[in-house]
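I opened my notebook today to look up a few things in one structure. Come along and follow the entries with me.

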Amino acid sequence: MSRDWIAIARTLSEALPYMQRYSGAVVVVKFGGNAMGDADAMANFARDIVLMKQVGMNPVVVHGGGPMINQMLDKLGIQSEFVRGKRVTDQATVEVVEMVLTGLVNKRIVQAIMDEGGRAVGLSGKDDDLMVAEADDPELGFVGKPTEMNVQVLRDLFSAGIIPVVAPVATGMDANQTFNVNGDTAAGAIAGALKADRLLLLTDVAGVKDASGEVVTQLSPDQTRQMINEGTIAGGMIPKTETALDALARGVRAVVILDGRLPNASLLELFTEHGAGSIIRE
Ligand code: X2W
């Protein structure tokens, strides 16, 4: 036999308790631009999401797309810089961010899920006022901090058998405002408002690393805070772990930071004893 069919059958059988545990569970999956990779990686991700839905979970995809925004800004000759992990966003930039995220990136993910036999609908924070934001910091321009979440539309989509795919663009309190929201921040706010069972942050690193560079598989919020204060958690991992702490404080049961480039990363985390990346919970 060219493949170990017996092992495949055993793997499926061993996944049963996990499928039972997560039946009906709400799982918010942040799919970062750096985890998107090539067409195969996209198809692989979409297949995992469709499988989650198929076995009775309610996945919500919240995506990023930083590298794709950079490419388009380059083409248009618009300069862009990051301050504390967030893109300084002027009027010209916010228009490009909205076009790239709600257009190109959002529809690419919707299409990939449809191609794997799922049903997906793409929306941004503007749709049904899902995510209302205010300016995060005057230095950052039109970067938004979510202040009001209206997640009923997501529940309506769940019960219709549809996987929501959310672009992190928010509406403001004033007419015609658009805010660029960091993808991790948006995923945390959505997971918090849904009191999700899991928030998976798919990125391009293996997880939270300790001082010796080893991935820490389990962390409490207190340990995480301590590692941030000591400087062991640094750079791009700071906004991710802060998002995790905020989501836990809002009632999300557990947050997992994992390498989205690993084949079937989400399934490994959800359906096996092994788990993947770093899980943060009380
Ligand atoms: C991000 C939104 C996209 C994002 C940006 O403009 O790049 C802010 O920085 P990744 O791929 O998840 O990094 N917004 C405010 O978060 O993309």
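Entry 1: I started with F31, which counts as buried because its relative accessibility is 1%. A reminder to myself: this is a predicted model, so I am reading computed values. Next I looked up F45, and F45 is buried as well, with a relative accessible area of 6%.

How far apart are the ring centres of F31 and F45, and what is the angle between their planes? I found 3.6 Å centre to centre and 5° between the planes, and this aromatic pair is stacked. Planes under 30 degrees apart count as stacked, which is the cut-off I needed here. My count of aromatic pairs came to 1.

Then I asked where the two partners sit. F31 is in strand β1 (residues 26-31) and F45 is in helix α4 (residues 39-54), so the pair ties together parts that are 14 residues apart in sequence.

**Entry 2: helix α9.** I moved on to α9, residues 221-230, and listed its buried residues: P221, T224, M227 and I228. Why do they share one side of α9? They cover an arc of only 125° around the axis, and this puts them on the same side of the helix.

I then checked the face turned away from that buried side, and there I noted the exposed residues D222, N229 and E230. What do the buried residues of α9 pack against? My list reads β12 (218-219), α10 (237-249) and β14 (278-280).

**Entry 3: a proline in a helix.** Last, I looked up P17, which lies in helix α2 (residues 16-21). Is P17 buried, exposed or partly exposed? P17 counts as partly exposed, because its relative accessibility is 45%. I also took one distance, from P17 to G64: the two are 47 residues apart in sequence and 32 Å apart in space, C-alpha to C-alpha.

Terms used
Residues numbered from 1 in each chain as written. Predicted model: local features only at pLDDT ≥ 70, side-chain atom pairs only at ≥ 80, totals over all residues. Heavy atoms only, no water. Buried < 20%, exposed > 50% of the residue type's maximum accessible area, 1.4 Å probe, protein only. Helix = DSSP H or I, 4+ residues; strand = E, 2+ residues; numbered from the N terminus. Arc of directions from axis to C-beta. Contact = heavy atoms within 4.5 Å. Phe/Tyr/Trp six-rings, centres within 6.5 Å; stacked < 30°, edge-to-face > 60°.
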